[in-house]
Structures are given as structure tokens and as C-alpha cells.
Amino acid sequence: MNNAAKNKLKDNLLKYFGILCTLSGLIALAIFIIDILMDGLQRLDWEFITSLPSRFPEKAGILTAWTGTVWVFCLTALIAIPIGVAAGVYLEEYNKKGALANLLEINIANLAGVPSIIYGILGLEIFVRILNLGGSLLAGSFTLALLILPIIIVATREAIRTVPKTIKEASFALGATKWQTISRQVLPASASGIITGVILALSRAVGETAPLIVIGALAYVPFVAKTPMDEFTILPIQIFNWVSRPQHGFIINAAAAIIVLLGFVFIMNGVAVYIRNKAQRKGQ
Amino acid sequence: MLKAKEYIIEKGLLLCALITALTTIGIILVLTIEAITFFKEISLVDFLTDTQWTPLYSEKHFGVLPLLAGTFLTTVIAILVALPIGMGIAIYLSEYAPKSFRKTIKPLLELLAAVPTVVYGFFALMVVTPFLQKIIPGLSGFNALSAGIVMGVMIIPFISSMSEDALHAVPKSLREAAYGMGSTRLQTVFKVTIPSASSGITASAILAISRAIGETMIVAIAAGQMPGLTFNPIKPVQTITAYIVQVSSGDVPFGSLEHSTIFATGISLFVLTFILNSISFWVSKKYHRQYE
């Protein structure tokens, strides 16, 4: 074999190694999902979704868990979206180059890498104890809002950056003020990017477990939360609790609850990707 | 009037941006203040040198080394899985794959990072461990190996997407020069593209390590609750994060010395990840400057 043929062979080997790597991640994911479906689908019925938790695996359901997750989702969105988008607008449009902006940018990059459980410790001290919210939905949602703020801010900044300068200049030329330009031109033009980022951030919040365990969300809550001040549980914590038990029945329950959680997360990711692709097509 | 409104809006937006600074200050203050109360009772030297961690037992030892060992072990396993696969994906997608394939595969790979970690914990405990037990006799029901492997799968997208971006940012002219000299794609990748993108790739690897250190639910579910100074991957271990979960989900009274251990271990975790994140941020800043 001459040198050129050897090199060609090596080149092809690298190519197939790359394909193998790409597929291995996806195959792992597929195996996991198939296994979950096989374990959990048999258990997933209307009764499971509408039943309260119980000591008996065959009677236990996820009503309090998924309603808790919906509560947390809505409250976190209400808190995090306005603050995150506002912060992103400020950093991108008002203070792009100052020393403060520089400091905040480094800070946000660092916050994005802080382990989620540390946010739990912060939430425990600030929201649960100092603000005396207890292990309530509100305390949990504030904690998760802080956790996803960096994601929303970064997404907002990136989306705003793609708005053509000409649009802004045209608006200024017509006599619009800075805020009028931002609220009527820049934000609508960058909406799809911001929405994509917000959905991905919220999908992360929905799957978070550790910080909420730390702030004291309970594994066993026998009632559906009615106000933001109620104690709560969420799907991931319910799953964690069931996985930790020895009885096989609870493992099946955990798999069924995972199907519901994954359904939620995958739908959100799908919507985010759809919006992003649609916006890209429009942009071309 | 309009001017006043503009002024108020700008300050309002500034306030929102400052919340991120307050978050960092809050984290540092909370961890430091609570850790100081802990270190008033347990000396820092004991904390860093004692080889046992048993705050929840009657005979109490407060040495963080076993928790660090558990964290280190699961992280190393995760990186050993994620780095070669992640790099393989990055190289394939940026240098070999057709554009249409790239476009469909990227969102699918991102799904790997979107799966909640508690779900990965379930996989590690219920799928990976039983499977590995068939191959490795003596593998405990809770072990560092399965937790580490599954954690590796989880962080693949972090490495692959950041490294791919870094490879992609290498100017086309460099590649073309290499091809012009008669290099194959493999030679171009290893001799030109990867060296040029090395800082971006390094940054992604460091960030992935930091992710693995801070990851909680997989290790809390599948790695066990046995802090020990061991580097044996088939035995149960406990990581810093899993310990914090154990204390938080138990009924340790608030304000007790046992409970304050979560702040001492929490600050160790924070410092560790903070250093890694800063290095990663600094390295990637440097590489951005390179080609702009």
C-alpha cells in the first residue's frame, strides 16, 4: 500500500469514528427512551395522572407533582422573563462598553456555570428564611428564576444583536426616542430569538431537582397547591423519591412519571427549535 | 416628560441587570457567613486533612477529602466518556458531515443536554448498572462507574457544540492552504484545524469538567451515599453535591452543626467550579480575540 492510499484509509477511519460518535450519543438516548417507555407505559393512565400520592405504589399518582410543576413553570416564567429580557436589553442597548457592562458580562458568564445546587443554598437562606417564604411555591420559583436568568439574558442579547442597524437608524431618523425604538422595532424584530431562549431556559427549570430539594420542597404532598404560598412537590422530586424506594412498583411509577416529564421537556424543545428554524427561514 | 420617562425606563432596566450582580454577592455572602459558623467549631485544617466524612453518625469526622475523592472519580469517568465522543462529533460535524445532516443532527444532540438529570439518574441506576453487573462481577448496586458514564453522556453536547463552534471559527484560508499542500482531511484536522482551535476546545473541556463536578441528581441516585477515600469505580462513593442532597432531604435540624456542613461543602464546590469557569471564560475570550 502506498502512502497516499494509507492516508486515504486513515482519513476514512476518522470519518467513520466521527459517525460512530455521533450515533453513539443518539443510540444511548434511544435506548434510554425505549427502556422508559417499556417500563412506564403500562402504568400511565388517566387514574395515574389524577391520583394523589400514596404509600401503595399501585394507588399512587402524580396529580400533586404535575400540578406543582405547572405552578413552578408559570411562576418562574412570570418572574424570570421580564427581568431577564430587561437586563438583556440594558446590556445590549444602553451600556454595551462601559466598565459596569464588562463586569456584569463576566459575572453572568460565571453565574451560568454555578452548580444548580448552589442556587438552592442561596434560595434556602434568602427566600425561605430571610424573606420567610418557607418551602413554598414562591420560594422555589424565585430560586429557579435566578438560576435561569443568565440563560435568558444571554439569549436576549444574542437575539437583539441580529437586528439590522438600519432598522434602528430608520426609527431614530423618524424622531423616535431610544425606548420607542427598542419597544416598537428592536424587540418585535428579535422576538423569535428571545422566545426560543426563554422556552429553553424554562424547559431547564422544569427539569431541575436539586435546588428545590435544598429549599425544602417535599416529596409527599397530599394536596394540590392552591396559592403560591402553599408547600409543593414537582415531578422530578416525585421521581427521585420513587427511584430511591426498594419496591418494584415505585420504580414502574417513576418510569411512568418520567414519560410525562420527558414529554413536557421534549415538546418545549421541539417548539423552540421550530420557532428558531422558522425565523431563520424568514431571515434568508 | 418624554425625557423623564426615558430616564426612568433606563434605570429600571439597569436595576434588572444589577439583579445578576446581587445574585453573585448573595451566593458569596450566604456561603461565607454560614461556613464561618461551621469553621468556628471545626478547624479548617481538620476539614481539609481528616480522611473521614461522618457528620451524620455518632462518631463525627469532618474531613472533606472523601467527598472530593468521590467528586473527582465520577468527574474523571464522565470526562473520559465525553471528551473522545464529543470531540469525534465536533470533528465529524465541522469537517466531514454534509450540511443537511448537520442541521438535523444538532437539535437531536442538544436533546441530550435537555433531558432532566433526575431522568439520567434513573437510567444509571436501572439500566446501566444492571447491564454492567453482567460484565463486571462485584459491581455494587450503587457505584461511581455507572454514574460517571451516564454523566459523560449528559455532557457530550457541551463538548461537541462548543468545540464545533471553535473548529468552525478557524478561517477557511488556513484549511485551504493545508489542502493546497496536498494534506488529507485527517492531516488538516490534526495539524491545522485543531491546533488553531485549541483554546476553544480547551475552554469547552474545562466547562464540561465544571459541569460534571456540579452535577447532582445522577450521582445522588446512582453513585450511593458512602463517602470514602477510594478511587475504585465499582464501589459506592459520595460526591459533594450528593451529600448536600442527602442532608437536605433528610430531617437534619436547621442551625445544627450537621446542617451547617452543607455550607462548608457548598463553598468548596462553589470555589472549585468558580476557578474552572473563570479559566474557561479567560481561555475562550483569548481565542475570540485571535481571529477577529
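**Starting from one tyrosine.** I began with Tyr96(B), which sits in helix H3 of chain B. This is a predicted model, so I kept that in mind for everything below. Is Tyr96(B) buried or exposed? I found 20 C-beta neighbours inside 10 Å, so Tyr96(B) counts as buried, the cut-off being 20 or more.

Next I looked up what Tyr96(B) touches, leaving aside neighbours within four places in sequence. The list is Lys15(A), Gly18(A) and Arg185(B). I also checked Leu186(B): it is 90 residues from Tyr96(B) in sequence, and their C-alpha atoms are 9.8 Å apart in space.

**Helix H3 of chain B.** I wanted to know how this helix sits in the structure. Of the 32 residues of H3(B), 27 are buried, so the helix is largely enclosed by the rest of the structure. I then checked its length. At 1.5 Å a residue the 32 residues should span 46 Å, and the end C-alpha atoms are 44 Å apart, which agrees. Confidence in chain B is highest in H3(B), at a mean of 93, and lowest in helix H12 (residues 257-291), at 85.

**The core.** Which residues have the most contacts inside the largest nonpolar core? I noted Ile148(A), Ile152(A), Ile239(A), Ala257(A), Phe122(B) and Val150(B), in a core of 176 residues. Helix H3 (residues 65-96) of chain B gives the most to this core, with 18 residues.

**Where the chains meet.** How many residues does each chain put into the contact? I read 68 residues from chain B and 67 from chain A. On the chain B side, helix H1 (residues 2-41) gives the most, with 18 residues. I also sorted that side by residue type: 46 are nonpolar, 19 polar and three charged. For the model as a whole, I wrote down ipTM 0.91 and pTM 0.91.

**Chain B as a whole.** I counted twelve helices and zero strands in chain B. Its C-alpha trace spans about 75 × 70 × 35 Å along the principal axes. Of its 292 residues, 49% count as buried. I looked at contacts in chain B with a separation of 6 or more, and 73% of them come from residues 24 or more positions apart. The average pLDDT of chain B is 89, and 98% of the residues score at least 70.

**A bend in H4.** I followed helix H4 of chain B next. H4(B) bends by about 25° at Ile105(B), and a proline, Pro107(B), follows within four residues. At 1.5 Å a residue its 16 residues should span 22 Å; the end C-alpha atoms are 23 Å apart, which agrees.

**A phenylalanine in a loop.** I turned to Phe231(B), which lies in the loop between helix H10 (217-222) and helix H11 (240-249) of chain B. With 13 other C-beta atoms within 10 Å, Phe231(B) is partly exposed. What does Phe231(B) touch, not counting residues up to four places away in sequence? I found Ala69(B) and Leu73(B). I also looked at Ile91(B), which is 140 residues from Phe231(B) in sequence and 32 Å away in space, C-alpha to C-alpha.

**Over to chain A.** Chain A has eleven helices and zero strands. The C-alpha trace of chain A spans about 75 × 70 × 35 Å along its principal axes. Buried residues make up 45% of its 284 residues. Among contacts in chain A between residues at least 6 apart in sequence, 75% join residues at least 24 apart.

My last stop was Asn132(A), in the loop between helix H5 (116-130) and helix H6 (137-161) of chain A. Its phi is near 55°, a positive value in a residue other than glycine. For context, most residues other than glycine have a negative phi. Is Asn132(A) buried or exposed? I counted 9 C-beta neighbours inside 10 Å, so Asn132(A) is exposed, the cut-off being 12 or fewer.

Technical notes
Residues numbered from 1 in each chain as written. Chains lettered and ligands numbered in written order. Predicted model: local features only at pLDDT ≥ 70, side-chain atom pairs only at ≥ 80, totals over all residues. Contact = placed C-beta atoms within 7 Å. Helix = DSSP H or I, 4+ residues; strand = E, 2+ residues; numbered from the N terminus. Nonpolar A, V, L, I, M, F, W, Y, C, P; charged D, E, K, R; others polar. Core = buried A, V, L, I, M, F, W, Y, C linked by C-beta atoms within 7 Å. Expected span 1.5 Å × (residues − 1). Bend = angle between axes of the 7 residues up to and from the residue. pLDDT = per-residue confidence, 0-100.
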